[in-house]
Every structure is written in C-alpha cells, then in structure tokens.
Amino acid sequence: MKVQTWEQVAARKRKAVLDSIPAEWIIPDHLMPPATQDDVTTFPETSGWFTAEELAITNAEALELLPKLASGEIKSETVTRAFCKRAAAAHQLTNCLSETCFDRGLETARKLDEHLARTGKPLGPLHGLPVSLKDNFHLAGLDATVGFVSHVGSPASEDATLAELLQTKAGAVFYVKTNVPTAMMMAETVNNVMGRTVNPLNRRLTPGGSSGGEAALLAFRGSPLGVGTDIGGSLRIPAACTGLFTLRPSFGRFPTLGCRSGMPGQEAVQSVNGPLARTLGDLEVYCRAVVGAEPWTDVDPRCLPIPWRLSPDLALPNSSSSSTKKLKFAVMWDDGMALPTPPVARALRQTAAALAAAGHELVEWSSRDQAEGLDLLNRMFVADGGRAIRDEIAQTGEPWFLPEMQAYAAATELGTRDLWRLHADRQAYQKRHLDRWNAAGVDGLLCPTTPYAGVENGKFRHVGYTGVYNVLDQSCISFPTGIRVDAALDKALDMASYQPMSEVDRMIQSEYHADAVNGMPINLQLIGRRLEEEKVVAMVKVVLDALS
C-alpha cells in the first residue's frame with residue numbers, strides 16, 4: 001500500500017467530516033454567503049433556509065429549552081435535529097467542527113423521548129439537551145486528533161468520563177465535536193488537519209483558542225451549551241473573542257479522565273474543563289448538573305467531594321434585602337506586559353465605575369507578579385523539551401507552521417531535579433499570591449481577559465492575563481459586559497508618543513485597528529480564590545447588575 005503524505009491524510013479527514021453532513025443540511029450554492037461577508041450570524045434568519053420552528057429552537061437558551069424538554073412539550077429528537085442542521089451550517093461557514101455524530105445524537109434523543117414517555121420523568125437535569133464537545137473529549141468511534149495528523153484514523157474505544165456522566169446521569173445528547181489548534185497549545189484555532197476556524201461574528205477575526213471551534217459554534221447558535229478545556233486561557237480567550245460566558249474551574253471540581261492531551265502526563269499546570277454558554281444561567285445549570293452527579297464517588301478519584309454551594313452573603317441582583325453584603329473588588333488595569341487595547345480599557349473603566357456607584361469597594365491591584373507567573377507557565381509547558389509535540393509532528397512530517405509552536409521546536413528538556421525545582425518555584429509563587437490576596441482582603445479581582453476585543457486572524461500575541469491564573473489554579477469567569485467596540489471612541493494609541501511596556505505590547509498596539517473590530521462584544525475577567533466557583537458566578541451576577 002502506498003504511504004500517504006500528511007497532506008493526503010488531512011485532506012481525507014476534512015472530506016470525511018464534510019461528507020458526514022447529510023445532503024439536506026448542505027447550504028445550497030445560491031444561498032451561500034459570499035466570502036467577503038464578515039458577519040455570518042445573520043444567515044439563519046435572512047437566508048430563508050431554516051424553518052420557523054428550527055429558528056425558534058436554536059435561538060432559545062438552554063434554560064428556555066430544558067423545562068420544555070423535561071415536560072415533553074417539545075421532543076429531544078426535534079431539538080437535536082434543529083441543532084444538527086445549524087451546526088452543519090456553522091461548519092460550512094466557519095470551519096468549526098472536527099467530528100460529527102448526528103446519528104448518535106438523534107438515536108440518543110429518541111431514547112430519551114421514549115424514557116420520558118414511559119416513566120413520566122426526565123433522565124437528568126440536562127434531559128434531551130444537545131451539548132457540543134471540544135475535540136479532545138473522547139467519544140467512542142470518533143477521532144480526537146487535537147490537531148495532529150498522526151491521530152487521524154485512531155477512533156476512541158469509549159467515551160471520556162465527563163461525556164459518560166453528562167449522557168447517562170444528566171441526560172445530555174452529543175452530536176458534534178469542535179476544532180482546536182495543534183496540541184491545543186495556541187490562542188487561535190488552526191491546525192494542519194482541519195485548517196483554520198474563523199469567528200462567525202466577523203470572519204476576518206479569530207474565535208480564539210484552544211476551544212475556538214466550540215466558541216464559534218456557540219456564537220453561531222449551533223449549540224445551546226458547549227464544553228471546552230483550559231490550561232492557559234483556552235476557555236476564557238475564545239469566550240472573550242465571541243462574547244460568551246465561561247468558567248475556568250479549579251482542578252478537582254469537574255472530572256477530567258478520558259480526554260486526549262496534546263502533552264500527555266504534563267501536570268505541572270493542570271488542564272481543566274468547563275462550560276461555554278450564552279448566558280450565566282446556562283453556565284450555572286451546567287455546573288449544578290456536573291457537580292450534582294457527585295463525580296468523586298464513582299467516576300474520577302481526583303474530583304473533590306464538594307457539592308455545588310450557595311453564596312447567600314453576596315449582594316445578588318434584584319435582592320430585596322437591605323443588608324446584603326457589599327463586595328471588595330481589586331482592579332488590575334494592565335498586567336505590566338501588555339496594555340489592553342482601547343475598547344477593553346474603556347470597558348474596564350466603565351465596569352469599575354458602575355461597581356463603585358453601586359456601593360462596592362474598589363482597590364487597585366499591582367501587576368508586579370504577573371510576568372513571573374507567565375514565565376512559570378511557559379517553563380512548565382516546555383519542561384519536556386517539547387518532545388511530546390515534536391514526536392507527534394515527526395510521525396507524519398507535518399510542518400511547524402506557526403510562530404506559536406516554535407517554543408516547542410526549540411526547547412531543551414529539563415532533568416528531574418530541575419523539574420522539581422520548577423515545582424517548588426510554582427508553590428512559592430502560589431503562596432506569595434495567597435498572602436497578598438489575604439492582606440488585601442478582596443472578594444474578587446477584575447481585569448481584562450485578553451488585551452483584545454476581537455483580533456484579526458494570525459495576530460493574537462499575549463496570554464498573560466489568563467495563563468497566570470492557571471498557575472495559581474484560581475476560579476475565573478470570562479463574561480461579556482454588554483459593552484461593544486465603538487470605533488469613534490476606541491481610537492488607537494499614538495504610537496509616536498506611546499512608550500510600550502514590551503515588544504509584545506508594541507506589536508499589539510500597533511496592530512490594533514478600531515475599524516477592524518468595530519461592534520465586537522467586550523469581555524472582562526473576574527477571578528476568585530481557588531475552588532470558589534460558586535462565588536465567582538455570584539459575583540459576576542453582581543457585576544452585571546451594576547452594569548445594567
């Protein structure tokens with residue numbers, strides 16, 4: 001048999017994914033938006049290709065669909081079929097999928113409808129709801145290439161632990177998996193297998209990475225709820241690029257077994273998974289479903305036995321109590337390495353002002369420790385000398401085609417003693433940060449998620465605002481503020497007079513063009529202590545209430 005080149009293997013995979021879309025879900029040529037059309041999120045409503053029922057279903061939020069699914073008012077098969085069609089359209093317009101399993105989804109949905117009809121009870125809190133998964137979550141019979149050509153044609157034999165929990169205990173329906181960058185180690189979603197995923201809000205912009213396919217699908221409303229992972233910002237960056245909500249939990253809150261890693265065995269900084277959603281309510285219902293299944297009892301020994309807790313001491317929106325607690329927020333205006341671009345800086349100022357006006361206390365947070373945290377992250381990522389990634393690349397000869405991957409190509413492997421020293425440095429850094437947090441007495445830290453409110457494809461430069469909190473393993477939410485880029489207000493800095501903080505800052509500011517990102521949503525990031533997932537959700541409610 002003739003040995004295939006990496007290009008042939010990749011082309012075969014792309015064709016297989018496209019061929020898996022039924023003919024009735026292929027967009028007719030006369031309806032296909034032109035390549036010059038940036039925003040394709042309007043396509044479902046304007047094309048006339050979707051029925052009124054399909055639009056009503058796919059435009060609904062998860063919390064709107066769940067009670068109808070649980071009562072039998074609407075069938076899971078009907079909902080799943082509508083999201084399959086919209087996901088198929090999303091892929092044709094943004095290249096966001098890595099796998100489809102439409103038949104599996106529809107079969108699961110039919111079984112759930114039969115269960116409800118027979119017992120009168122939903123299977124679980126997500127009964128009948130389609131849920132999309134990032135490519136690295138194993139589903140039996142499907143590849144999990146994580147962007148490597150070498151993994152094409154190696155289907156999983158069983159589902160990942162989280163996937164099994166979501167389907168058998170929560171009642172979720174799986175129908176697609178979504179694209180990632182090579183090894184899931186870049187802030188944009190591009191690889192040699194499936195190619196580049198673009199942002200449906202503006203196809204000249206990136207949806208971020210590494211959960212960028214998931215974010216693109218959600219932003220197009222091809223999924224009501226998605227699951228991604230985060231090791232340096234891989235959930236929060238895509239959420240910020242597309243105006244979604246996401247939670248980066250501390251390690252141990254959600255099960256992580258049975259997933260494919262781009263660097264298997266690397267545990268100096270832990271990868272975690274979490275939801276991507278269009279509303280905070282949808283995000284919270286997912287968290288309650290996963291933690292409510294008590295995964296520490298039987299599915300993942302590394303999960304912590306912590307039920308989903310309430311935070312009654314916070315000043316929650318619409319509270320009738322006059323004694324609700326006012327919060328103390330630290331605000332980090334920049335990370336000392338890269339200034340946020342003008343729209344993000346404006347949104348941060350407006351949000352801080354709104355919190356102050358609502359009676360909350362604000363203090364400034366110095367960025368003095370950020371560079372050290374990012375350095376620790378980068379050192380941990382290449383501690384194996386890049387061998388895990390290099391070995392996969394070498395199997396097929398696929399190219400190292402992006403600058404972000406060069407660190408892995410050039411790295412030198414640490415010995416065991418040096419790795420232990422690195423772990424000791426990480427622990428000392430975590431303790432200094434905890435002491436500083438306690439001395440400040442803050443409830444949460446407000447800062448940018450990224451320097452950007454949208455960035456052109458190929459120009460994402462800096463993960464310092466997110467990666468530091470992976471080293472610290474703190475609970476974080478990236479959330480849309482409701483503020484959008486206004487090209488008239490958010491003009492670029494005068495680079496003739498601006499003194500950049502660093503070379504990466506100079507590149508970010510010089511490449512910022514307000515017209516290119518005009519109208520894009522602006523996210524910020526709220527950080528709590530480690531294992532304070534419930535509290536950061538509640539604090540974001542407070543922030544959004546102040547902004548409203």
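The lining of the largest pocket divides into 18 nonpolar, 9 polar and 4 charged residues, where Ala, Val, Leu, Ile, Met, Phe, Trp, Tyr, Cys and Pro count as nonpolar, Asp, Glu, Lys and Arg as charged, and the others, Gly among them, as polar. The structure is a predicted model, in which local features require pLDDT of at least 70 and side-chain atom pairs pLDDT 80 or more, while totals for chains, interfaces and linings use all residues. Residues are numbered from 1 along each chain as its sequence is written, and side-chain values use heavy atoms, with hydrogens and water left out.

A pocket is an open set of points on a 1 Å grid over the protein atoms alone where a 1.4 Å probe fits, with protein on both sides within 12 Å along at least five of seven lines; lining residues have an atom within 4 Å of a point. The largest pocket holds about 710 Å³ of space. Met185, Met186, Ala187, Glu404 and Val463 are the closest to its centre among the 31 lining residues. Two or more lining residues are given by each of helix H12 (370-381) and helix H14 (406-410), and H12 supplies the largest share, 4 residues.

The second largest pocket holds about 440 Å³. Its lining comprises 26 residues, with Cys259, Arg260, Ser261, Gln266 and Ser271 nearest the centre, and divides into 10 nonpolar, 12 polar and 4 charged residues.

Helix H16 (residues 464-472) is largely enclosed by the rest of the structure, because 9 of its 9 residues are buried (under 20% relative accessible area, 1.4 Å probe, protein chains only). Asp473, which follows H16, has a positive phi near 60 degrees.

Definitions and conventions: Points joined across faces, edges and corners; volume = space filled by probe spheres on them. Buried < 20%, exposed > 50% of the residue type's maximum accessible area, 1.4 Å probe, protein only.
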